[in-house]
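Have a look at it first, then read on.

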Amino acid sequence: MVTMTPYRSTVESSRDGFPQLLLSEWTKLRSVPRWGLTMLAAAAATILVGMLLAAGAGAQSAGGDGSTAGISPQFRDAGSYVHRPLTGDGSLVARVATQERNDPWAKAGLMMRVSAQPGSPYAALMITPGHGVRLQSNFVTDLPGSDSGAPRWLKLTRTGDSVTGYESADGSNWSKVGTVQLEGMGPTVETGVFVASPDALKLLRQFGGEDISETTNLGKASFDNVKVEPARPQQLAPWKSNGNTQVDPNATTFSLVGAGDIGFYQFATDKTKTILSGAMIGIMALVALGVLFITTEYQQGLIWTTFTASPRRGRVLAARAIVLGGAAFVVGLVASFAVFLIAAPMINQGKAAPASLSDPQVLRGVVGTAALMAVVAVFSLAVAAIVRRSTAAITTVLLLLLVPLVASTALPLTVAKWLEAVTPAAGFAIQQTIMRYDTAIGPWSGFAVLCAYTAVALGVAIWRVQRQEA
Amino acid sequence: MRHSLRAEWTKVRTLRGNTWLAVGIAVCTVLATAGATAAVSTAQCPTVTTCFEDTARLALRGVWLGQAVVVVLAVLMMSNEYGNGMIRTTLSAIPRRVEVLFTKAAVISGIVLATGAAGAVGSLLIGNVIMPANGFTPANGYPPLSLADGPTLRATVGTVLYLALIALLSLGVTTVLRDTAVSITAVLTLLYVVPVISTFVTDPEWLDRLRKISPMTAGLAIQATRDLDRLPIGPWPGLGVLAAYAAVAMIVGGVLFVVREA
């Protein structure tokens, strides 16, 4: 009689810990050539479409897009400025006698800056028709004063590295508006009066589309009683204008006319977003991947094996989401860095500041694109786990992402912006590096909207997969 | 041919999801039109008389959404059979493969023509209800949309034809790719890619070129009823571009269908 030894696997039984789960999900992703090819397609589409868009935009912007050399395309440093040097501590006083009220943000007032060079650090105390007295510095700081308009007395005082603004109705009783710090101030600063006005956004619906244009608003204002204190003779170098107009060196009254704004420029071209927009196409492949990564198992019945091997189904789904998201992030990172490095030189023509990875906003856009691709893949996975059918899941996710973007080409801007802010398509906001008139939502808040959709979908998916028969 | 037609019709009719999808074509079109027309009013124009709004085109905008349902229905008609192996039964019963593909094309076209017509006419009707409230009144130069008007009739019929061509394009692509998910992704990408990236193409010449060769933007030129000279491509040539896409997809699909093992 022969005794049979029952077969025993020589493989040691492993623990069903989370790392093992991650490993098994990674093996599933890695070992199917189709998944790898899909990721490759996503990366290729991102890079190719990005290059195409950069080539198209590069040819167009070679002439420059209105922004000044050397400063971020987000800002403009234009307008009309009449200035003279001020050495050491001192003040500039003037009365804004009249101001043309053609824009709520038209600006007329006093300015001190490190140099006359556009883009140099500045502090500006101004009157605006719609927002009262403001003290602004370096494009981003904005301190409110009273609600008064012209005529109004203004005073700007330098003490060391700080500049303080005052306002007054009569030129003798002063109230403080605020103090700003200016970096890089040498012993001598440029000080003077300025006029600026933002370009107006004209939104006109015609011929079934929205015609969006910027029209120049000429800022106009007159100043009197302009004087520099203390009036030491060596400070009284002649007034100079930032245009080529001649100014009376001893004038105390000025009438200025200036086009362009000092501050945010809402018509700037977002070069980084243009380059990275190929991700919109690459992402479609990732949607398919995210959906199929789960529905294929339902179709083939492999899901039974998976759930038998690890009965805690919620954790299986979580592990799968992490593996897929991680893989998509890595692929996205390679693609977005590649397309940026290839396409940035193509689009960095013209005189506007180039898009560079050393700019934190640009870096956020590039890395954020990878995060966006990862979250969209996980979102697709979650939707697929809920509806279980590839057809329904893919169509739903693609339409949620695409329709808001397509709608912007035909619907009024306000409606398109609203759609773009409340749907998962808001996640694309992470790619923008500047604020524009058509910006629907901030980069991080937009990304948070997408993450919220994904978290809810993943929660419902885990709840569903635990309760239902596979 | 009559038998294969009946066989295809039975296959389509008896799948419950298909009924919903067919109804969905009309419903999604009308709902999206309701949204689009509600969003546009003469108040956004410089003046009421210089709006030049193409109200027929606006009211037919719903196909932007409705076409996605057409894609799903047409893709499933072919890919389902590959998914569950039914294709082998079909080809055993009707070994003439060209005939199988033709009947499938005929059946899906018939369904889409019927539901698309319902969606298009429904869109015009709901547009006539919503748009006057937003200032598009006869007094302002916007008479109610009517099929008695030549250009409106052409836009409406063209929209229905557009949907049928989208169905044929989807069927052809699916015959090549066979897989549901891959086919749907491919067709939707092909349709929406140019509209999506067009906001980032700043060069007007490039934009014009892209809009001429994109099946969706070229095909939908058929919906324009006024200011035709502003279109990147004329209405019928535009629909012709889409027809060319559909023809190429069907021919390549047909050749592969005959040559390949099922």
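Let's start at a turn. In the hairpin of E9(A) and E10(A), which has 6 residues between the strands, Gly171(A) takes a positive phi near 85°. Strands here (E, at least two residues) and helices (H or I, at least four) are DSSP runs, numbered from the N terminus. Two strands count as paired if DSSP finds at least two bridges between them.

Before going further, some housekeeping. This is a predicted model, where local features need pLDDT of at least 70 and side-chain atom pairs count only at pLDDT 80 or more, while totals for chains, interfaces and linings use all residues. Residues are numbered from 1 along each chain as its sequence is written, and chains are lettered from A and ligands numbered from 1 in the order in which they are written.

**Chain A: the sheets**

Back to the hairpins. E9(A) is joined to E10(A), residues 175–181, by 6 bridges, and the two run antiparallel; Gly165(A) stands opposite Gly178(A) there. On the other hairpin, E8(A) and E9(A) have 2 residues between them, and Gly160(A) takes a positive phi near 65°. Thr159(A) faces Ser162(A) in E9(A), and Arg158(A) has Val163(A) as its bridge partner.

| Strand | Partner | Bridges |
|---|---|---|
| E4(A), residues 107–113 | E5(A), residues 122–128 | 6 |
| E8(A), residues 152–159 | E9(A), residues 162–168 | 7 |
| E9(A) | E10(A), residues 175–181 | 6 |

**Chain B: the helices**

Over in chain B, helices take the stage. H6(B), residues 97–130, and H7(B), residues 150–177, pack at an angle of about 145° with their axes 8 Å apart. Axes are lines fitted to C-alpha atoms, for helices over the stretch in contact, and angles run from 0 to 180 degrees between N-to-C directions. The crossing is right-handed, meaning the near helix is turned clockwise from the far one by less than a right angle. Residues making this contact (C-beta atoms, placed from the backbone, within 7 Å) include Leu101(B) and Gly116(B) of H6(B), and Val160(B) and Leu171(B) of H7(B). They divide into 14 nonpolar, 5 polar and 1 charged. Ala, Val, Leu, Ile, Met, Phe, Trp, Tyr, Cys and Pro count as nonpolar, Asp, Glu, Lys and Arg as charged, and the others, Gly among them, as polar.

H2(B) has a kink of about 30° centred on Gly24(B); the bend is the angle between axes fitted to the seven residues ending there and the seven starting there.

**Where the chains meet**

The contact between the chains takes 40 residues from chain B and 36 residues from chain A. H2 (16–39), H3 (55–59), H4 (63–84) and H8 (180–197) of chain B each supply at least two residues of its side. H8(B) gives the most, with 12 residues. By class, the chain B side has 25 nonpolar, 8 polar and 7 charged residues.

Technical notes:
Contact = placed C-beta atoms within 7 Å.
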